[in-house]
Amino acid sequence: MEGELDLHYRYTIEPRSDHVGVGWLLRFFAGEEEVGGGIFAVPAHDPVECMKWWNRLNEDDRAYWLKRAIEPAVAEAFNVYLTEASFTDAETMAHAWLEDHGQR
């Protein structure tokens, strides 16, 4: 359409600072203007949910998550899992937003 700007849509996903809570900050941009986004917090550690998660994993998956943890402990592995799941949620929303704006 004549007179309409051809905007470039993009997003960023940045870690949230520790003092506001662990997780990710998703920001949407149209050109250089920020036009929205969202916060994807990592849930607080719940020992019951942690053990349910752990008990559902097979041996290979347990080894995978323990290797990704800072310390080889179930709670640390669960935290890594939650952090990555939160990032994946942010990425999924970002890709849907880009598709809604004809960018994918």
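Among contacts in the chain between residues at least 6 apart in sequence, what percentage join residues at least 24 apart? It comes out at 38%, with contact meaning heavy atoms within 4.5 Å.

The model here is a predicted one, so local features need pLDDT of at least 70 and side-chain atom pairs count only at pLDDT 80 or more, while totals for chains, interfaces and linings use all residues. Residues are numbered from 1 along each chain as its sequence is written, and side-chain values use heavy atoms, with hydrogens and water left out.

On to the overall layout. The chain has three helices and three strands, and from the N terminus on they run β-β-β-α-α-α. Helices (H or I, at least four residues) and strands (E, at least two) are DSSP runs, numbered from the N terminus. Along the principal axes, the C-alpha atoms fill a box of roughly 60 × 30 × 20 Å. As for burial, 27% of the 104 residues count as buried (under 20% relative accessible area, with exposed over 50% and partly exposed in between; 1.4 Å probe, protein chains only).

Next, the helix pair. Helix H1 (residues 47-56) and helix H3 (residues 74-100) have axes that come within 10 Å and cross at roughly 85 degrees. Axes are lines fitted to C-alpha atoms, for helices over the stretch in contact, and angles run from 0 to 180 degrees between N-to-C directions. H1 and H3 are therefore roughly perpendicular to each other, a label that covers 65 to 115 degrees. On the H1 side, Glu49, Cys50, Met51, Trp53 and Trp54 meet Val74, Ala75, Ala77, Phe78 and Tyr81 of H3. Sorted by class, this contact has nine nonpolar, no polar and one charged residues (Ala, Val, Leu, Ile, Met, Phe, Trp, Tyr, Cys and Pro count as nonpolar, Asp, Glu, Lys and Arg as charged, and the others, Gly among them, as polar).

Ser86 sits in helix H3 and is buried, at a relative accessible area of 5%. Beyond its neighbours within four places in sequence, Ser86 is in contact with Trp24, Phe40, Ala41 and Val42. Pro72, in the loop between helix H2 (59-68) and H3, is exposed, with a relative accessible area of 73%. Its C-alpha atom is separated by 19 Å from that of Ala44, 28 residues apart along the chain.

Note on methods
Parallel < 35°, antiparallel > 145°, perpendicular 65-115°, else oblique.
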